2 protein chains.
Amino acid sequence: MSGNDFGRRILAGERLALARLLTRLENGDPEGQAALAELYPHTGRAHLVGITGPPGVGKSTLVNSLARHYRQPPDGAEPRTVAVVAVDPTSPFTGGAILGDRIRMRDLAGDPGVFIRSMATRGALGGLARATTQVIQALDAAGYKAILVETVGAGQSEVDIASAAHTTVVVEAPGMGDEVQAIKAGLLEIADVLVVNKSDLPGAENTLRALRGMLGLAHPVRRGANSRSAGLAASDAPIWITPILQPVAGSGGGIPALLEAIDSHRVYLAATGELAGKERARAAAELEAGLREALMHGWRAAAPDGAFEAALERVLAREIAPLAAVKMLVAGEFARRRP
Amino acid sequence: MSGNDFGRRILAGERLALARLLTRLENGDPEGQAALAELYPHTGRAHLVGITGPPGVGKSTLVNSLARHYRQPPDGAEPRTVAVVAVDPTSPFTGGAILGDRIRMRDLAGDPGVFIRSMATRGALGGLARATTQVIQALDAAGYKAILVETVGAGQSEVDIASAAHTTVVVEAPGMGDEVQAIKAGLLEIADVLVVNKSDLPGAENTLRALRGMLGLAHPVRRGANSRSAGLAASDAPIWITPILQPVAGSGGGIPALLEAIDSHRVYLAATGELAGKERARAAAELEAGLREALMHGWRAAAPDGAFEAALERVLAREIAPLAAVKMLVAGEFARRRP
C-alpha cells in the first residue's frame, strides 16, 4: 500500500487503512511518513484533549464516559466523532496496551464514529512522543472532531504529551493519606480542567479543599474575575479559571459538565489567540525533535567506521570525559580504531 | 574559580566547592564541564543505587534511613560516606526541590560524610537526565562510596534515571485499592530489590502477594535456583533473585536487611561481569546524548538566519509536513526568509 493509497483511503474514511497507518507510524516506517506528509494539509481541525493523572485514579473509565458523551450528547446536540489515544507503559507482566485495548473496545465497539488506539512505551522516550504526535495528526486528518489523549503517570514525558494538547484535563482521586499526588507529580500547573474522580470515596472533601487552596495560590491575580464561577469568565479580555469538577465516573454523573468545560476551554483558546500560540509551540517542538533525529542519522552515515566505539573505549578507560569525547567525535577525530 | 581549582578543591574534600560545581553542572555552565572533565578519571568507585516508585510511598523517609545506616552500620562495620541525589519535579505551588532539601538537611545535617542534593525538573527532560548524570559523576569523583539517586514518579524519564544506577530499588506501598501502582508504571521490570514500604498499613499482605505472583511470572526460568532464598543465590554461575523486603521506614525496622540486599547485589554485579556491561551501556547512552546536543548546536551555528522560522511558518500554514520541513532544513533549503 503506497503513501498515495493510504492518504486517499483514510480521507475516504477507511478505518482499516487508518489502523494500518498508525501501526506504521508507531514503527517509524518510511512509507508511513510519506502518507502522513500527504495527510498533513488536512490536519488542524480536531480539538486535542489531554487527560492525565497518577495511576489508579480512574482515567480510562472517565475517558470512556467522555467518548460516549461526545457520541450521545444530551439535549439533542449533534454527535461528534471522537478518537482515543491511550499512551500506556508496556509491562511484560500484564500485556500492557493490548489488554487495555480489548477491555476498552468492548464498551464502544461497533460505533464507526469512535476510534480507539493504545500506544505502548517502546524503547526511547523521544520515539514515543514523536509517534504519539504523528498518530494524533493522522487521526486529525481522518476527520475525528475530538481526540482524547490519555497518558498514565506522573512522569515528565507523559506530562509533555498531555500538555501538547489544546486542553489538558488533570485527574485526581481521594486517598493516599493526606497527600495530593498531582502536586508531587507537577501536574497541577498544566491543568486547564481539574477533575476529582471517585468523589464518592471517603476523603474527597479533603482532596477538594487542598486542590482549591493550591489553585488559589497558583492564580493570585485572579481577583478581578468573578471568582465564584470557574471556566470562561465573561469580560472584554477573557480569563480562564481552572474549574474543579467531580464526576462519578462509573455512573456517568457529571460527565456532561466535564464535556461542557472542555468545550468552553476551546472557545476561550480561540477567542484569545492562545490556540495559535499553542499550535506554534507544538510545531516548533516537533520540528526541533525531527531535526535532532535527522542530524544524528546524518552523522552516523558520515562518521568513519568504529569512531563512536573508539571514543566509548577511551571514556570507559576514564582517559577522557564523555563531553570531551563528544567534542572530538564532532571534530572528526577517532578516524579509525586504534590498533 | 577555574576548572583547575574546582578539581583540586573537590578532590581535597571541600564541600563548598562541590556544591558550587553541582550548581554549575545543573545550569550547563561551560566551566562546570571543564572541571568535570578533570574529575572524570577519579570516577567509577561509587556504588550507584537508584530508588524509585510512585509518589506517596515514602521514598524520602526510606532514603534518609538508608543514609543513616550507611553512616552507622550495625555490628561495628566501617561507616561509608553517602551522597543523596533527589530528582524532584518542580512545582510552583510547593517550592519543589528547595523545600525538600531543607526538610532532609535537618535530619542528617552536620555529618561531613553525608552530602544531599535535590535537583528540580527544569525545562527539557534531556537536560535533567544529563545534569543528573554529571552530578553523580562529580559526587563519585569526590569520593562518596554510595550515591543514592531518588526519583519521584512513574514516568519513563525517572525510570531511565533510576535504572542507570548499578542497583535499582523499587518502592511500593499498600493501598490504592487492588491496584499495584508499580505495574502500571512499568517499574517492576527494573527492580533489583523490591521494597513494600509502610508494611504496617492494612492491605500490605495483598500487595505482597500480588508482587510475589508477578515476580514469579517475570522470572519463569528461575526454577533451577533455590527459589526460597532471594538475593544472591550460591552457585557456579550466580543468579540474582529479586528480594522483596518490608522495612517500616519510620521506625528504621528492616533497613539493615535492605542495605545488605543492596550490597549483595553489588557483589553479584561484579562477580558476573554485569557491572562492566552496565557501565558500558551508560557511557554509550551519555556519549550519544551529548553527540545529539552537539550536532544540534553546530547546526544552529551554521544555519542561515531565519531558516528554522521560515520552515516553521510553512508547517503552520500546513503547506508541508514537519518531517518534510526537517529534510529541507538539513538539505540547506530555507536559505533566507521569503519576502
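Helices here are DSSP runs of at least four residues, numbered from the N terminus. With that in hand, select B:His265, which lies in helix α10 of chain B. Keep in mind that this is a predicted model.

**Stop 1: B:His265.** Is this residue buried or exposed? B:His265 has a relative accessible area of 1%. Buried means under 20%, so B:His265 counts as buried. Now show its side chain together with that of B:Thr167. The two side chains make a polar contact at 2.7 Å. Setting aside neighbours within four places in sequence, B:His265 touches B:His166, B:Thr167, B:Asp192 and B:Trp240.

**Stop 2: where α10 meets α4.** Stay in chain B. Select α10, residues 255-272, and α4, residues 59-71. Their axes come within 10 Å and cross at roughly 75°. The two helices of chain B are therefore roughly perpendicular to each other. Which residues meet here? From α4(B), pick B:Leu62, B:Ser65, B:Leu66, B:His69 and B:Tyr70. From α10(B), pick B:Ile255, B:Pro256, B:Leu258, B:Leu259 and B:Ile262. Colour the contact of α4(B) with α10(B) by class: eight residues are nonpolar, two are polar and none is charged.

**Stop 3: α13 of chain A.** Move to chain A and select residues 322-330, helix α13. Its buried residues are A:Pro322, A:Ala325, A:Val326, A:Met328 and A:Leu329. Look down the axis. These residues cover an arc of only 165° around it, so they sit on the same side of α13(A). Finish at A:Gly332, which follows α13(A). The phi of A:Gly332 is positive, near 85°.

Methods:
Residues numbered from 1 in each chain as written. Chains lettered and ligands numbered in written order. Predicted model: local features only at pLDDT ≥ 70, side-chain atom pairs only at ≥ 80, totals over all residues. Heavy atoms only, no water. Axes fitted to C-alpha atoms, helices over the stretch in contact; angles between N-to-C directions. Parallel < 35°, antiparallel > 145°, perpendicular 65-115°, else oblique. Contact = heavy atoms within 4.5 Å. Nonpolar A, V, L, I, M, F, W, Y, C, P; charged D, E, K, R; others polar. Buried < 20%, exposed > 50% of the residue type's maximum accessible area, 1.4 Å probe, protein only. Arc of directions from axis to C-beta. Polar contact = N/O pair within 3.5 Å; in protein donor to acceptor, adjacent residues only side chain to side chain.
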